[in-house]
Amino acid sequence: MEVGMHTDSKSRAETGAESGPRGPGCSLRHFACEQNLLSRPDGSASFMQGVAEKSREQLIRNTCEAVVLGALHPRTSITVVLQVISDAGSLLACCLNAACMALVDAGVPMRALFCGVTCALDADGTLVLDPTAKQEKEARAVLTFALDSVERKLLMSTTKGLYSDAELQQCLAAAQTASQHVFRFYRESLQRRYSKS
């Protein structure tokens, strides 16, 4: 997550402790901060707390690397900056969709577009697509998939909670169907953008 600020200081990989000031029951997760990462803003910072952010970053990176045609530009570095403004649920899927649209907007050559879809399974096994933060918290399992636009092929999946093989296949099938709506939205969004210019 990048946050702009006005400062000239430069600091790298400052880390904090995991223990909190109020005893063992109130401990903080590991955190790290890097400042002055971006060249154009007056200041920038990357702040990470816990392992979830790093894990999410790696999942997004692996998905992007699976579709970007890097061999066409071997000496090129691509940086994708995602800033979380709010989390209403299905955050990883939203980040994947934002990353794909940013790559398209930048004109990065890709073998296919990709999208993220999150599914949640409640205690009764009812499947919910694009769950809210509340639905995710109450769910027995949360599964996020990244799919390509050509064959609806699975590029990445991450899961949390308990589910059966049949439920996994049910969620994947639902995500593949839902991806058609996401790709249609991409197409309409791009048509609107380029029809204005």
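By how many helical turns are Phe 183 and Tyr 186 separated in helix H4? About one, because the two residues are three apart in that helix.

The model is predicted: local features need pLDDT of at least 70, side-chain atom pairs count only at pLDDT 80 or more, and totals for chains, interfaces and linings use all residues. Side-chain values use heavy atoms, without hydrogens and water, and residues are numbered from 1 along each chain as its sequence is written. Helices (H or I, at least four residues) and strands (E, at least two) are DSSP runs, numbered from the N terminus.

**The aromatic pair**

The structure holds one aromatic pair. Phe 183 and Tyr 186 form it, edge-to-face, at 5.7 Å centre to centre and 75 degrees between the planes. Rings of Phe, Tyr and Trp (its six-membered ring) pair if their centres lie within 6.5 Å; planes under 30 degrees apart are stacked, over 60 edge-to-face, the rest tilted.

**The core**

The largest nonpolar core has 34 residues. Such a core is a set of buried Ala, Val, Leu, Ile, Met, Phe, Trp, Tyr and Cys residues joined through side-chain atoms within 4.5 Å. Those with the most contacts inside it include Leu 103, Phe 114 and Tyr 186. Among the elements giving two or more residues are H1 (52-67), H2 (91-105) and H4 (165-196). H2 gives the most, with nine residues. Leu 103 touches Cys 64, Val 68, Ile 78, Val 80, Val 108, Met 110 and Phe 114, not counting residues up to four places away in sequence. Contact means heavy atoms within 4.5 Å.

**The sheet**

Four strands form an open antiparallel sheet in the order S5-S4-S6-S7. Strands pair if DSSP finds at least two bridges between them. S5 (127-129) and S7 (154-161) are the edge strands. The twist averages 20 degrees from one strand to the next. H2 packs on the sheet, touching S4, S6 and S7, and its direction makes about 170 degrees with that of S4. Axes are lines fitted to C-alpha atoms, for helices over the stretch in contact; angles run from 0 to 180 degrees between N-to-C directions.

**Positive phi**

Most residues other than glycine have a negative phi. Ser 90 and Asp 130 have a positive one. Buried means under 20% relative accessible area, exposed over 50%, partly exposed in between (1.4 Å probe, protein chains only).
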